[in-house]
Amino acid sequence: MDDAQMDLQSLANLFATTYNPDPNVQKTGELQIRKIGAQEGMLTALLQIIASDGVELATRQACSVYLKNRVHTSYILPPSPRPDHVPIAQSDRTALKANILPLLAASPSRSITVQLAATLKDLVAHDFPDRWSSLLDDVKRLLGSGDVREVGAGVVAALECVRAFRFRQKADVLPSIIATLFPTLVTIADGMLNTSPSQPASQEIPAMLHLILKTYKTAIIVNLSSHQQSPESLVPWGRLLFRVVGMVVPVEGVPTDEEDRERCEWWKAKKWAYGILGRLFHRFGNPSQLPSPMQNEYGAFAEHFVTTFAPEIFKVYLHQVELYVSGQAWLGKKCQYQIFQFFTECIKPKSTWILLKPHVDSLVANFAFPQLTFNASKQAMWEADPVEYVRASVDEYENFSSPASGATSFLLSLASNRTKTSFLSMLQFINTVLRSNPTPAQRFGALTMMSVLGPFIVRHPDVKGSIEQFMVQYVLPEFTSQEAYLRSVACEVLGVVTKAGITWTTEENLNNHSRAVALALDDRELPVRVQAALAITELVVIHDSVRNAVSPQVGKVVQDLLKLSDETDLDILNHSMEAMVDRFQTELLPVASQLTARLCESYLRLAREGLAQQKETVPDSIDVESLVSDGDDDKVYGAMGVAKTIGTVVSCIDSSPEILSQVQEVIIPIIRFTLENKLIDLFDNMYDLVDALTFRLRAISPNMWPVFELTYDLFKSDAVDFLDEMLPSLDNFVSYGTDVLKARPDYRSKVLDMYRTAMTSPQLGDNDKINGCKLAESMLLNLHGHVDDQLQDIIAIAADHIDKGETASFRLANLEILVNAVLYNASAALHFMEAYKPGFPRTFFDRWFAAINSDNKLPRVHDKKLSILALCKLLEMEAGAIPEGLRDGWPGIVGGTLNVFKTLPQAVAKRKVLEDQLVDGDDDDDEDETRYLNLEGEEDEDVWDEDSAYLEILAKEGARLREKSEKAETGDDESDTSDESEIEEELGFFSLLDNINPYVTFQQALQTFQNQNSALYQAATTMLTVERQTVLMEVVTMANQADHS
């Protein structure tokens, strides 16, 4: 950028306008920046301004934000850049790499450091090691400097170097960064711990310590490098981690407020130390749980770690818990959670279980149980934000790193993996608490623990008989407790044991509990009402007597649920609503329209709020990682839940087309709102509704056609990759809207255009092309006589793709478009194929008959029927219409058809089995009891459970994908092996062919063939093998039976 255009001062003044209070000044400045932003020298100038102490801090901050964004969007060129995209000039790239580290060392504020660090990460990701060989030496020099600011910059730089490659599966770049920088980092961190935490510089010291530990943890997300596995690295880092965990932070070094203390640098450092030790054990150091693909690389390390390191970690953690429980030391919530995680990991391996076993009872009583009692922070949350309280207590994902969820996981793992040793003693503990005159807060803890263990208790042979007595003695009285939180937990326990299958010996006990819950639906406290709604749902689903008792008031119960749902936006209440609608189909039929209208109002409110959130721009200073865990998607998830409930209502009023038609008119506006506003996250749910409505009504109402038009427009613009979700609805538009499509050539053109786009768009793969083929097939089958104008185009598109595509399923779908064209109009189809390319009909017949004569190339019932019916059309052609070049092959058509008939009965039987399984599968909800209790085998052996098996599957799949991508890089990929993987029956797929009897059709076609082409008929029947003659007799018998039935 030459000086004549703009000097540094003017440029700084220009950036100062971006935070000017006058929006007009701001806008003008931003436009000017956009105009000159891409000029060469611009970034070099910004680096100088950021380094200049004479410029106002806010201006330097604005420059650093711009720098970060420009590097992020333009340093690495996207594969298909926009036309106005200007890459960063080479001179600016050189200046960036030369200045970024000194700038970090001189950074005047944390917020500028954050922007520069993000910039550095992008530079490293793109240029290291090939185009920036001096980087590690430069970072090492900073780390070795005597100046604390340079060391600080070196620590930030080390973290960014690791973050740039943290998710890289291939261990090619990260190991060298680790081996070069980590020995220096551990030495620096060790030195810092020798400084007393209360020294004046103390906030800089723990901040650097926290970043060093964060760097280590970031480096072990995917792999543990051979350097980190070696004693030279493991011993000093291990010693450092134990020191940090055991370090006593003086009171004067930390804030007095507990939440502030949790966030202060010393406790952040502790949190990362706990996190590293947990990660090392969980992923790399636990031999009995190590997935087999990782054995080669980490087997020896794991054996070493579990025998030498794990017992040390256990001892250190136990000591921290003892200090905390006895009130001698404070322990942050995140650290408590990490300790619970580690203890939970110690339960399954024999070697660590033996260490843990003697301490289980005291850990349950003194460390886990107190997390479950009702305490001041729960009380504060209940009063300040009851909805948040409910969310934290019912939604396990909402609160996943809290000590209470850590304690819960610990208790669950003990109950399921070490049932013989721990289970009965935990129940004994609950009973002891409840018998020893507990405070209300302790009663709450005991009942919460009961609700955690409920599914196990109901299944345990020794205790399931006594659970009813427990409910009557300890739970029922709490429904009338003074404390609202006890009323709430009483509902929760009842819901849990009902779902788990408690047996009531007397109807009276069941009635007393269900009446208590029904009253709790009107409790003045919201959390009680929510738990009551969840519990009454479980009771209604399982017990007919409760269902019948609720039946007269079901309208009120559903209104209560709707109101609660609107107050809380809790997804779990949508499940309750679905269960209620399903269980009271008859009762709710008369109010189905009103119910749907209420649900649609809720949906629209959530969708509008979700839309408003999408339109808010993201501020620049936010760290990307904090966005990942943001809860702003709640509204969209809430809307998804309500949409599913609307779907349940639709499926429950199948029996009444009149009511379903009314309900459809209520739903169409929310579908249009979602599509018009391009709420892409909700498209899936909306197309489920369109599919359900149009399929169940077997008709397209006039108000539904605008949805078809919107779908076309969206597919051609923002939602090209949503064909999978759109297809069932589009198929219904074609199948059940035939009269409109026959009268509207513009609609037919739209369907054809979607087929063409699906087949030719570079961003769509084989699966979308298959969907495109299904759409074209639907047109050819349903619009007979009305696709004449489009037939030539369809044939040309399919012919273009005859040998393309990576999967067998696409090649078959594409071939079948040409088969459909023959079925639609045989002579026209063959004429257009010849016009496409002379001799092409022969190519088509070769491909088709290769499929017909193989064992598994036409695997599904639909494939076989389609080929049989199209071959029949060929047999019915008049002699003169058969193309000359194909006449010699014509007699083979009869034999080919019989070949397909030979395997048709097997395919039909196989499909029938699948259909029966689908029906049975709906009823088969019995859960595997072994998932809950481990009553088999030796008491202290290693445990390998469902979670272990799941991690094994994930690791194997990860290894397979890595191998595949590495082969692809080296060009060895022979991915044609998946070629013949089985093409499954599509049970939800219906077509016009389903109602046609192929045996009768073939018998009639054969008769026509004999009458019109007796010579060819003679040739065809004479060349039949004995096997085919037998098949022919069977086909004729089947046809005669069908005629007589």
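**Backbone, packing and confidence**

Let me begin with Asp569, which sits in the loop that joins helix 29 (554-568) to helix 30 (571-583). Please keep in mind throughout that this is a predicted model. The phi of Asp569 is near 55°, a positive value although the residue is something other than glycine. As background, most residues other than glycine have a negative phi, and most peptide bonds are trans. Is Asp569 buried or exposed? Its relative accessible area is 17%, and because the cut-off for burial is under 20%, Asp569 counts as buried.

Asn437 is not a glycine either, and it has a positive phi of about 50°. Here, however, the relative accessible area is 74%, and Asn437 is exposed, whereas Asp569 is buried.

The other backbone feature I want to mention is the peptide bond from Phe128 to Pro129, which is cis, with omega near 0°. Pro129 belongs to the loop between helix 6 (110-127) and helix 7 (135-143).

Let me turn to helix packing. Two packed helices are described by the angle between their axes and the distance between the axes. For helix 34 (residues 634-652) and helix 36, the axes are 10 Å apart and the packing angle is about 10°, which makes helix 34 roughly parallel to helix 36. On the helix 34 side the contact includes Met640, Ala643, Ile646 and Val650, and among the residues they meet on helix 36 are Met686, Leu689, Ala692 and Leu693. By residue class, this contact divides into 8 nonpolar, 3 polar and 2 charged.

The second pair is helix 15 (residues 295-325) with helix 18 (residues 360-372), whose axes come within 11 Å and cross at roughly 55°. These two helices are therefore oblique to each other, and their crossing is left-handed. Helix 15 contributes Leu318, Val321, Tyr324 and Val325 to the contact, while helix 18 contributes Leu363, Asn366 and Phe367. Of these residues, 6 are nonpolar, 1 is polar and none is charged.

Going back to helix 36, which covers residues 683-697, I would point out Phe695 within it. Phe695 is partly exposed, with a relative accessible area of 24%. Leaving aside residues up to four places away in sequence, Phe695 touches Asn732, Tyr736 and Phe990.

Now for the chain as a whole, which has 51 helices and 0 strands. The C-alpha trace spans about 105 × 90 × 60 Å along its principal axes, and of the 1045 residues, 51% count as buried. Among contacts with a separation of 6 or more, 75% are between residues 24 or more positions apart.

Finally, how confident is the predictor, and where should we hold back? The chain averages a pLDDT of 90, and 93% of the residues score at least 70. Over residues 1-5, however, the pLDDT is below 50, and this stretch has 8 contacts in the model beyond near neighbours in sequence. Over residues 923-927 the pLDDT also stays under 50, with 2 contacts beyond four places in sequence. Where pLDDT is low, the predicted coordinates should not be read in detail.

Definitions and conventions:
Residues are numbered from 1 along each chain as its sequence is written. This is a predicted model: local features need pLDDT of at least 70, side-chain atom pairs count only at pLDDT 80 or more; totals for chains, interfaces and linings use all residues. Side-chain values use heavy atoms; hydrogens and water are left out. Axes are lines fitted to C-alpha atoms, for helices over the stretch in contact, and angles run from 0 to 180 degrees between N-to-C directions. Helices (H or I, at least four residues) and strands (E, at least two) are DSSP runs, numbered from the N terminus. Angles under 35 degrees count as roughly parallel, over 145 as roughly antiparallel, 65 to 115 as roughly perpendicular and the rest as oblique. A crossing is left-handed if the near helix is turned anticlockwise from the far one by less than a right angle, and right-handed if clockwise. Contact means heavy atoms within 4.5 Å. Ala, Val, Leu, Ile, Met, Phe, Trp, Tyr, Cys and Pro count as nonpolar, Asp, Glu, Lys and Arg as charged, and the others, Gly among them, as polar. pLDDT is the predictor's confidence in each residue, from 0 to 100. Buried means under 20% relative accessible area, exposed over 50%, partly exposed in between (1.4 Å probe, protein chains only).
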